[in-house]
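Please look at the sequence and the structure first.

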Amino acid sequence: MSAPFEDILYEVRNHVAWITINRPEKMNAFRGTTCDEIIKALNKAGYDRDVGCIVLAGAGDRAFCTGGDQSAHDGNYDGRGTIGLPMEELHTAIRDVPKPVIARVQGFAIGGGNVLCTICDLTICSDKAIFGQVGPKMGSVDPGYGTAFLARVVGEKKAREIWYLNKRYSGQEAVDMGLANICVPHEQLDATVQEWAETICERSPTAIAIAKRSFNMDTAHQSGIAGMGMYALKLYYDTEESREGVNALKEKRKPDFRKYAK
């Protein structure tokens, strides 16, 4: 049954909780309300004994998630947290919830959406999926899990390529680099995600919870990196260099970051 959320949909299908960002008109970009609701839904699903696995999805066919909503960003976002979005808390919620979280990617997984895919336990994408980072093109960066943990997932060289060049990658390329587990025909995506999730639901929940926490232990220190990094990001957002990215987007022109770099 759907909970009374504004930006997301929540539904349990045969012991699998589906959390769907429901902002297709914004390419499922998240604002402060979106993050708060995802955190609430993760906690709801994570400690519901009837739920064995969680799916994180985006509404519509165009995008899984395209990161922070730039229309709610003018040097700061519209919610709580260090940068106006509770990103540290959202990322921690995905990692700490004692059940696997599967990212279901049917379209663009860009910027903060790419970070969510990185952090989720598993990523299943369709052949229409597109992954990538845009931070340095927009006057932003993810100084925590989106960089440090990404290097663990895809390797140091590939992670640097993703962040420095801001290229886009197909679903199969995401699989090849280790960012996604499997790429399936678009029309088979939901069935595959549900099948994987239901298989997990058949496993011992305690064993799964212990396994997830054991995986997390090796990179638990990155939470501190993320926390410190968000404070640095806040300082960066207060500069003209960072604002140039948002201004250029609004004015539909190429940004000139070096004009403001010190």
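The sections below go from the whole chain to one strand and its neighbours.

## Basis of the model

This is a predicted model, in which local features need pLDDT of at least 70, side-chain atom pairs count only at pLDDT 80 or more, and totals for chains, interfaces and linings use all residues. Residues are numbered from 1 along each chain as its sequence is written, and side-chain values use heavy atoms, with hydrogens and water left out.

## The whole chain

The protein chain has 11 helices and 10 strands; these are DSSP runs numbered from the N terminus, with helices being H or I of at least four residues and strands E of at least two. Its radius of gyration is 18 Å, close to the 18 Å that the globule rule gives for 262 residues, so the chain is as compact as a globular protein of that length. The radius is taken over C-alpha atoms, and the rule is 2.2 Å times the number of residues to the power 0.38. Along the principal axes, the C-alpha atoms fill a box of roughly 55 × 35 × 35 Å.

## Strand β2 and its partners

Strand β1 (residues 8-13) pairs with strand β2 (residues 16-21) in the antiparallel sense over six bridges; pairing requires that DSSP finds at least two bridges between two strands. Two residues lie between the strands of this hairpin, where Asn 14 takes a positive phi near 50 degrees. Leu 9 stands opposite Thr 20 in β2. Thr 20 also has a bridge partner in β3, Ala 57, and β2 pairs with strand β3 (residues 53-58) in the parallel sense over six bridges.

Together β2, helix α1 (residues 32-46) and β3 make a right-handed β-α-β unit: with the strands pointing away from the viewer, the path from the first strand over the helix to the second runs clockwise.

## Cover on both faces

In a regular strand the side chains alternate between the two faces of the sheet. On one side of β2, Val 16, Trp 18 and Thr 20 are buried, and on the other Ala 17, Ile 19 and Ile 21 are buried.

Conventions
Buried < 20%, exposed > 50% of the residue type's maximum accessible area, 1.4 Å probe, protein only.
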